[in-house]
Amino acid sequence: MNSSKISIIDTHAHLDGEEFDSDRDAVIARAAEAGIGRIITCGTSVEASEKAIALAEKYPAVYAAVGIHPQEIAGVKKTEISRIATLAKHPRVVAIGEMGLDFHRSVVYKDEQIKGLKWQLELAGELQLPVILHNRQATNEMIEILSGWVQKATADSPGVIHCFQENADNARIFLNMGFYLAFGGYIGYPKSQMAEVIKIVPQDRLVVETDCPYLPPQKYRGQRNEPAYIKLTVEKMAEIRGTNIETMAKITSENAERLFKLK
Ligand SMILES: [Zn+2]
């Protein structure tokens, strides 16, 4: 395989993480070398969103998403959402997120998570930006909230369900609402059941991501993940879909360009 021929978009990274403080330039250079021409780095708080924008200003390959993660939402004030609204107007911002619901690690702040998600969905609708959604053990609530919202969202595509790990039936529900589904390195884990889901996703709704520094592919498990490793995910996806890595890279890149209006 000739890496000069492929071009992949990593639709979900956390390049602001301190895990990258010592070698961020090298990480981004390695990504470019491996054919990862564009990376969307996602904010998880007001501060992290500011850092995401700073990275997008510094590196031409990097775009930013701004938002507040469900695990950062406790005690969130509407003023913070206003700050996100201001940040979202930056020309390098392509989405609102990472936002969502996570009842795995915390059900204590369930009401605040729901409130924070609704505020951010409303903002994305106003600004006509796609959303990047985190959903963990909150599928019923998520579907209920989104089905009410998608009617009002007038953006071409409402957004993406990041780190998709649900079954095929739930995949169809999100797809019917217009969402793209993003898959990461975990699709190559021995116990992964994502092949059955990846097979049923329409070609124009598939995107790839690293979620780095988290969720490294099998080969790098236990280590820090980084955008260059996304090739292994594209390769795995190509194998599942019965195609080659060049085709899979092209399809997922075109989808990411359309979803985030990168052109
Ligand atoms: Zn993330």
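Throughout these legends, a residue is called buried when its relative accessible area is under 20%, exposed when it is over 50%, and partly exposed in between, with a 1.4 Å probe and protein chains only. The model is predicted, so that local features need pLDDT of at least 70 and side-chain atom pairs count only at pLDDT 80 or more, whereas totals for chains, interfaces and linings use all residues. Residues are numbered from 1 along each chain as its sequence is written, and side-chain values use heavy atoms, with hydrogens and water left out.

View 1. His12 (NE2), His14 (NE2), Glu98 (OE) and Asp211 (OD) supply the protein donors, at 2.1 to 2.4 Å from the zinc ion, where donors are N, O and S atoms within 2.8 Å of the metal (3.2 Å for Na, K and Ca) and a site may look incomplete, water not being among the atoms. Along the sequence these donor residues follow the spacing H-x1-H-x83-E-x112-D, and both His12 and His14 are buried. The arrangement is irregular because the four donor atoms subtend angles of 84 to 177 degrees; four donors count as tetrahedral if all angles lie between 85 and 135 degrees, four count as square planar and six as octahedral if opposite donors are over 155 degrees apart and all others between 65 and 115, and anything else is irregular.

View 2. His69 sits in the loop between strand E3 (62-66) and helix H3 (78-87), helices (H or I, at least four residues) and strands (E, at least two) being DSSP runs numbered from the N terminus. With a relative accessible area of 9%, His69 is buried. Leaving aside residues up to four places away in sequence, His69 touches Thr44, Glu98 and His134, contact meaning heavy atoms within 4.5 Å.

**View 3. Helices H8 and H9.** The axes of H8 (residues 230-241) and H9 (residues 245-260) come within 8 Å and cross at roughly 105 degrees, each axis being a line fitted to C-alpha atoms over the stretch in contact, with angles from 0 to 180 degrees between N-to-C directions. The two helices, H8 and H9, are therefore roughly perpendicular to each other (65 to 115 degrees; under 35 is roughly parallel, over 145 roughly antiparallel and the rest oblique). In H8, Lys231, Val234, Glu235, Met237, Ala238 and Arg241 meet Ile245, Met248, Ala249 and Thr252 in H9.

**View 4. Lys152.** Lys152 lies in the loop between helix H5 (139-150) and strand E6 (159-161) and is exposed, at 64% relative accessibility.
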